[in-house]
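Keep the picture open while you read, and look up each residue as it comes along.

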Amino acid sequence: MNEQEFISISKEIVADYINDQTDGVGIDKEAVYVVWLVKVLQNNKALLSTPIPDGRYYEVTFNGDKNEIYLDAYKKEKNIEINL
């Protein structure tokens, strides 16, 4: 799977997940954006977010060995500044 295909599929997966979880609040895949992306060998991983102010972000992983995609959804609990 090339990078553009992975990004497009990832955005669609996140939009579908959000639309399945919410009642009447829809989002299209164009509103989903990539925060971070990496490809190592045949595997891809992306962190994605949306403009919805809910503190959530999403991790989509493509396992190239098994040809499987996984979605993890997270909610930011805290953001604490650590002074060095």
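## The chain as a whole

Of the 84 residues in the protein chain, 23% count as buried, where buried means under 20% relative accessible area, exposed means over 50%, and partly exposed is in between (1.4 Å probe, protein chains only). Before going on, a word on where this comes from: the model is predicted, so local features need pLDDT of at least 70 and side-chain atom pairs count only at pLDDT 80 or more, while totals for chains, interfaces and linings use all residues. Residues are numbered from 1 along each chain as its sequence is written, and side-chain values use heavy atoms, with hydrogens and water left out.

The protein chain has 1 helix and 4 strands, and along the sequence they follow the pattern α-β-β-β-β. Helices (H or I, at least four residues) and strands (E, at least two) are DSSP runs, numbered from the N terminus. Along its principal axes, the C-alpha trace spans about 45 × 35 × 20 Å.

## Inside: the nonpolar core

Which residues make up the largest nonpolar core? There are 11 residues in all: Phe6, Val14, Ala15, Ile18, Ile27, Val32, Ala46, Leu48, Tyr58, Val60 and Phe62. A nonpolar core is a set of buried Ala, Val, Leu, Ile, Met, Phe, Trp, Tyr and Cys residues joined through side-chain atoms within 4.5 Å. Helix α1 gives the largest share of this core, 4 residues, and α1, β2 and β3 each supply at least two.

Take a look at Ala15, one of the core residues. Leaving aside residues up to four places away in sequence, Ala15 touches Ile27, Asp28, Lys29 and Val32; a contact here means heavy atoms within 4.5 Å.

## Two pairs of rings

How many aromatic pairs does a search of the whole structure find? It finds 2. Rings of Phe, Tyr and Trp (its six-membered ring) pair if their centres lie within 6.5 Å; planes under 30 degrees apart count as stacked, over 60 as edge-to-face and the rest as tilted. Tyr17 and Tyr58 have ring centres 6.0 Å apart and planes at 65°, so this pair is edge-to-face. The pair links distant parts of the chain, with Tyr17 in helix α1 (residues 3-21) and Tyr58 in strand β3 (residues 56-63), 41 residues apart. Tyr17 is partly exposed at 28% relative accessibility, whereas Tyr58 is buried at 2%.

Tyr57 and Tyr74 make a stacked pair, 5.1 Å centre to centre with 20° between the planes. Here too, distant parts of the chain are linked: Tyr57 sits in strand β3 and Tyr74 in strand β4 (residues 68-75), 17 residues apart. Tyr57 is partly exposed, at 34% relative accessibility, and Tyr74 is partly exposed as well, at 31%.

## Two residues with positive phi

Most residues other than glycine have a negative phi. Now check Leu41, which has a positive phi near 55° without being a glycine. Leu41 is in the loop between β1 (33-40) and β2 (43-49), and it counts as exposed at 72% relative accessibility.

Asn67 is not a glycine either, yet its phi is positive, at about 55°. You'll find Asn67 in the loop between β3 and β4. Is Asn67 buried or exposed? With a relative accessible area of 60%, Asn67 is exposed.
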